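Here are my notes for you on this structure. Have a look at the model first, then read on.

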Amino acid sequence: MKAVAFAILEYLLGFIALALFAYLAFGRGPATDDGFVHAFRTSGVVALAELIFILGRAKPANRLVLGANIWLIAGAGAAYLELWWWLRLYREFGEASLFASMLIVGLVSTWLSPAGFVAKLGPATEVRRASLVLLASVLVALAVAVYFRGNVKFAAVLPVIALSWLNRLLRVRLGGVA
């Protein structure tokens, strides 16, 4: 029971930095360049703390959270170092840049980690198959983000939730607690 409660808490806290970014960038009125920079600077610090926490544990880190946190940390780094060209790239690609970060993490972890993109140890062929399903789903999310660019709810929020639940389902299918 304690493991299940911890898993639920970990799940809820997993995307806290991304949720903070969404609130600061889009939840307080029309999005502005200054609001975007502030959102990256603030949520990037939270993402870094979250990243240190999840990488410090024995169990494999959630790769979707890892991809989102890398995206936020890179954005925060660009904001603090005033690398405006990087933030313009983020702005140009919109929500799709988040899924591009997840895709890169997914590709690397699918091929280099025994836990794969799904971050769950199990039989190698099953882990690889589940990871490929999740990779394909991130590609779909990226396409959805391009299609609905500018509509945060449909381009980012709903695809992130769908990917998170799919990842959880794939992990459960590999056996044990997700």
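Predicted model: local features only at pLDDT ≥ 70, side-chain atom pairs only at ≥ 80, totals over all residues.

1. Residues are numbered from 1 along each chain as its sequence is written, and side-chain values use heavy atoms, leaving out hydrogens and water.

2. Let's start with the largest pocket, which holds about 600 Å³ of space. (A pocket is an open set of points on a 1 Å grid over the protein atoms alone where a 1.4 Å probe fits, with protein on both sides within 12 Å along at least five of seven lines; lining residues have an atom within 4 Å of a point.) The volume is the space filled by probe spheres set on the points, which are joined across faces, edges and corners.

3. What lines the largest pocket? There are 24 lining residues, and Leu18, Ala22, Val152, Ala156 and Val157 lie nearest the centre. By type, 18 are nonpolar, three polar and three charged.

4. Helix α8 (152-173) is among the elements that supply at least two lining residues each, and α8 gives the most, with six.

5. Now the salt bridge (a side-chain nitrogen of Lys or Arg within 4 Å of a carboxyl oxygen of Asp or Glu). The whole structure has one: Asp33 meets Arg91 at 3.0 Å, N to O. Asp33 sits in helix α3 and Arg91 in helix α5, so the pair ties together parts 58 residues apart in sequence.

Notes. Helix = DSSP H or I, 4+ residues; strand = E, 2+ residues; numbered from the N terminus. Nonpolar A, V, L, I, M, F, W, Y, C, P; charged D, E, K, R; others polar.
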